[in-house]
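Me: Can you take me through this one? I'd like to start with pockets and then move to the chain contact.

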Amino acid sequence: MTAKISYVDVEVGTELPPQTFPVTRATLVRYAGASGDFNPIHWNEKFAKEVGLPDVIAHGMFTMAEAIRVVTDWTGDPGAVVEYGVRFTKPVVVPNDDQGAVIEVAGKVAAKLDDNTVRVDLTATCAGQKVLGMSRAVVRLA
Amino acid sequence: MALDQSFVGRTYPPTAPYEVGREKIREFAEAVGDDNPAYTDAEAAKALGHPDVIAPPTFVFAITFQAAGQVIQDPQLGLDYSRVVHGDQKFSYRRPVRSGDRLSVTSTIEAIKSLAGNDIVDIRGEVHDEAGEHVVTAWTKLVARAAEEA
């Protein structure tokens with residue numbers, strides 16, 4: 001596993017380049033097909049509202065997949081991810097318009113661990129609200 | 001209604017192998033808009049030390065969640081799936097999932113809690129390849145929201 005970032009070059013507090021990820025209804029339909037998660041809350045507005053949601057919401061696993069890209073784009077090698085966990089705190093509401101929603105993700109090195117690994121703490125927000133909590137990845141650096 | 005605590009520790013039989021296909025990995029990577037060449041270009045993956053294209057970190061959830069269906073749909077457990085939301089998700093990787101893997105999942109109920117009328121179930125999915133080697137462990141917390149008062 002060859003990451004392009006060296007362990008010796010990072011410190012606690014090193015910030016990873018932040019990214020923004022747009023998500024529209026089309027994104028969700030595509031993710032449903034690719035992931036096999038066809039829960040109608042992710043594509044059917046009528047159904048979503050019937051179960052008490054404000055509108056269609058993104059798959060939590062979609063948000064989780066986007067958030068780790070801040071780490072994998074930083075290291076270059078997605079195989080360098082040793083651990084990754086999140087808590088789904090708020091749904092990403094995706095309106096039926098051309099804009100959809102935008103997920104903003106930032107990451108920071110929170111600890112340097114053994115064996116050339118570091119813990120990265122991620123924050124993911126949408127419309128100013130935190131959508132992931134306890135979002136942490138352990139990644140092996142070069 | 002609170003779920004039966006005696007299900008804690010119950011392990012379900014390993015699932016039939018899921019064969020990871022390179023085009024499925026490509027489809028998933030495109031669906032999340034991730035153009036990392038390690039997902040689609042075997043040479044790029046090899047340059048990183050992998051024998052073939054690898055899957056994005058969360059790809060394996062599709063496999064472990066399907067396996068967790070044994071728990072979710074266990075009539076004896078009686079979880080109300082129509083009220084279930086995904087609470088937490090965690091993965092611990094021995095190595096990345098890659099094209100050609102034939103993966104089997106063994107699901108175990110790690111914990112059952114009842115909190116403010118919500119039923120909370122923690123499921124651990126151990127993923128092994130055809131050689132029996134451990135690839136990844138997935139922990140999934142499901143929350144069945146309390147039914148509204150009639």
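Largest pocket

Reply: In this predicted model, the largest pocket has a volume of about 880 Å³.

Me: Which residues are closest to its centre?

Reply: I41(A), I57(A), V84(B), V85(B) and H86(B), out of 36 residues that line the largest pocket.

Me: And which helices and strands each supply at least two residues of the lining?

Reply: From chain A, helix 3 (60-67), strand 2 (81-88) and strand 5 (129-140). From chain B, helix 3 (61-72), strand 2 (84-93) and strand 5 (134-144). Strand 2 of chain B has the largest share, five residues.

Me: How does the lining divide by class?

Reply: There are 19 nonpolar, 10 polar and seven charged residues in the lining of the largest pocket.

Me: OK, on to the interface. How much do chain A and chain B bury between them?

Reply: About 2,500 Å², with 55% of it on carbon and sulfur atoms. In chain A, the residues that lose the most area to chain B are A34(A), M61(A) and P78(A), together 20% of what that side buries. The contact takes in 30 residues of chain A and 29 residues of chain B.

Me: How many salt bridges across it?

Reply: Four, by the rule used. One salt bridge joins the side chains of R69(A) and D34(B), at 3.7 Å, N to O.

Me: Which element of chain A gives the most to the side that touches chain B?

Reply: Strand 2 of chain A, with eight residues. That side of chain A has 15 nonpolar, eight polar and seven charged residues.

How values were computed. Residues are numbered from 1 along each chain as its sequence is written. Chains are lettered from A and ligands numbered from 1 in the order in which they are written. This is a predicted model: local features need pLDDT of at least 70, side-chain atom pairs count only at pLDDT 80 or more; totals for chains, interfaces and linings use all residues. Side-chain values use heavy atoms; hydrogens and water are left out. On a 1 Å grid over the protein atoms alone, a cavity is a set of points where a 1.4 Å probe fits but cannot get out, and a pocket is an open set with protein on both sides within 12 Å along at least five of seven lines; lining residues have an atom within 4 Å of a point. Grid points are joined across faces, edges and corners, and a volume is the space filled by probe spheres set on the points. Helices (H or I, at least four residues) and strands (E, at least two) are DSSP runs, numbered from the N terminus. Ala, Val, Leu, Ile, Met, Phe, Trp, Tyr, Cys and Pro count as nonpolar, Asp, Glu, Lys and Arg as charged, and the others, Gly among them, as polar. Contact means heavy atoms within 4.5 Å. Buried area is the accessible area (1.4 Å probe) that two parts lose on being put together, summed over both.
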